[in-house]
Amino acid sequence: MGAVHSHAWRTVDHVGTPAVRTRRAVLVGRDAQRTAEAAQQLGWEGSSTDWREVLERDDVHVVDVCTPGDSHAEIAVAALRAGKHVLCEKPLATTVEEAEEMAAAAAEAARRGVRSMVAFNYRRVPALALARELVAAGRLGDVRHVRAVYLQDWIVDPEFPLTWRLRKETAGAGALGDIGSHIVDAAQFVTGQVIQGVTGVLETFVKQRPLEAGPAGRGTGLGASASTEYGEVTVDDAAAFIARGDGGALMTFEATRFATGRKNAMRLEVNGSKGSLAFDFESMNELSFHDATLPDAEGGFRRILATEPTHPHVGNWWPPGHGLGYDHAFVHELQDFLTAVAEGRDPAPSFADGLQVQRVLAAVERSAANGSTHTPV
């Protein structure tokens, strides 16, 4: 996340007509040498190992939190109280209580003109943003079904080391929080329906993994070299749950890092009384749309290539038909964030939105721990 956010900060000034210009003042990390090397490589003016000291600097106006979840609340709350605008990676926190503290701090800061946003970057993928527009315009009619899955396979190997993402004290949750949070937000964003209750199950397939022997590299950022000692995996490997939206939609969700062969299959399908749409991030420039109001002879899904200047977020990029990539979603995220700050309004998704997603995740955990009973959010 540090690498992709840095790329977006380097790029955002050169796309369209920026509301403000930015300086990449300081990169903060734990190890002085590695942080200094990363700052030089990623295009930051300086580096530090003390984020508290950085909050005292008058030349720092925005804090972008890309740390593991266990430090989100402390850093974000302190930054907001110091008068810094805050962008924070998802999930917002490791617990509902932390997320509530963050949302309260964000609301108080907003009254002083200090803005905040949680980084659900998939909202800024043009095809998914187009899906939201189609639903909002009534093209699907009454939304009846939502199917959301996020499938990865990067920890299928039982010898993959016990990184921070596999420890509850640092990550808060496993696949449920890491990638499940994305599809919860995407489903609510596209449909406009808020999840009211859930029935869920969690599973940990590999109970123990080798401890890390060295730091993670920048190639994937996913893991480090393994030692011969083992430790307990304390988060879920996979999560599945059904939910009900406040508009009556029946929703199903699956998040797993054990879907062998699936690399980043974040998929969403919505079925309504007048039509359906389907999205798969592995074909991120495409949206499938079925208009059920057409005659049967013309029915079926058709592919929309979401690369036209009239599609959300696309107008400042390449000629029509030239696709965008993963990194562009982060540039769009920063564009929207900076524009909102410049215009004196709160960007979306807010910390309150992040808190609502956190409450859904917590309800799934409570349901799974209580024999998969229906659990209100």
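Before counting anything, I wrote down that a residue is buried when its relative accessible area is under 20%, exposed when it is over 50%, and partly exposed in between, using a 1.4 Å probe and protein chains only. With that rule, I found that buried residues make up 51% of the 377 residues in the protein.

I also noted that this is a predicted model, in which local features need pLDDT of at least 70 and side-chain atom pairs count only at pLDDT 80 or more, while totals for chains, interfaces and linings use all residues. Residues are numbered from 1 along each chain as its sequence is written, and side-chain values use heavy atoms, with hydrogens and water left out.

**Whole protein.** I looked up the secondary structure and found 11 helices and 16 strands, which are DSSP runs numbered from the N terminus (helices H or I, at least four residues; strands E, at least two). The C-alpha atoms fill a box of roughly 65 × 50 × 40 Å along the principal axes.

**N121.** I then looked up N121, which is in the loop between strand 5 (116-119) and helix 6 (126-136). N121 is buried, with a relative accessible area of 3%. Leaving out residues up to four places away in sequence, N121 touches H182, Y326, A329, F330 and E333, where contact means heavy atoms within 4.5 Å.

Finally, I noted that, of the contacts in the protein with a separation of 6 or more, 69% are between residues 24 or more positions apart.
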